[in-house]
Amino acid sequence: MSDEDANPGAAPTLEQARKQIARYGLEADPQAVLVAVRLMAAGARLDRASEVHFARSGLSTGRYRLLVDLEDSDGEKSPSRLAKSLGVSRATVTGLVVGLEREGLVARRASTEDGRGAVVVLTARGSRRLRDMAADHFARLEALVGGLAPDERGLFLDLLERITRRIGALTAE
């Protein structure tokens, strides 16, 4: 158990949210603020835990996601389509591909659709890496949400979707 797991009370409290809102003289809903702050904190903790998890297999979260995206796309995809589906920049995809290519997990080749473009291809070694880590990976994912009943997981998925649709509230000008 990590220090973070052992100290869930380190998360902000409703009283802290109330005090902060009062300090700034705002009319914000303390519970809404607390939900958002805890969601952001959980996301940061999950990001760190994901990196530790994927490092066991010699990957990063980004590299794993790219390999899975390729696998789900019949083994090949253009860098621009990868960037779009992963929600990252083309430069990020290039960096991920360079590292994966160095390990022999992906290769680049000319596109059969457009001789000018290139596609990234999942190699047999990349496919094998995903297969080799699958049992442990999926067992850990199940354990992560093991405290939720099936109906709670369904509700959680709905709530996540609704919140995800509103992420733009943080980035809007």
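User: How many salt bridges does the structure hold?
Analyst: The structure holds nine salt bridges, a salt bridge being a side-chain nitrogen of Lys or Arg within 4 Å of a carboxyl oxygen of Asp or Glu. This is a predicted model, where local features need pLDDT of at least 70, side-chain atom pairs count only at pLDDT 80 or more, and totals for chains, interfaces and linings use all residues. Residues are numbered from 1 along each chain as its sequence is written, and side-chain values use heavy atoms, with hydrogens and water left out.
User: Which residue meets arginine 18 in a salt bridge?
Analyst: Glutamate 15, at 3.8 Å from N to O.
User: How far apart are arginine 18 and glutamate 15 in helix H2?
Analyst: They are three residues apart in helix H2 (residues 14-23), so about one helical turn separates them. Helices (H or I, at least four residues) and strands (E, at least two) are DSSP runs, numbered from the N terminus.
User: Now the domains. What does the assignment give?
Analyst: Domain 1 (11-55) and domain 2 (57-167); the bounds come from an automatic or database domain assignment. Their centres, taken over C-alpha atoms, are 28 Å apart.
User: How many residues are in contact there?
Analyst: Seven residues of domain 1 contact 12 residues of domain 2, where contact means heavy atoms within 4.5 Å.
User: Which three residues supply 68% of the area domain 1 buries against domain 2?
Analyst: Leu39, His53 and Phe54, more than any other three residues. Buried area is the accessible area (1.4 Å probe) that two parts lose on being put together, summed over both.
User: And how many salt bridges between domain 1 and domain 2?
Analyst: The count there is zero.
User: Change of topic: in what order do the strands of the sheet run?
Analyst: The order is S1-S3-S2, in an open sheet of three strands with antiparallel pairing. Two strands pair if DSSP finds at least two bridges between them. Strand S1 (76-77) and strand S2 (106-110) are the edge strands, each pairing on one side only.
User: What stands opposite lysine 77?
Analyst: Valine 120 in S3. S1 and strand S3 (residues 118-122) pair over two bridges.
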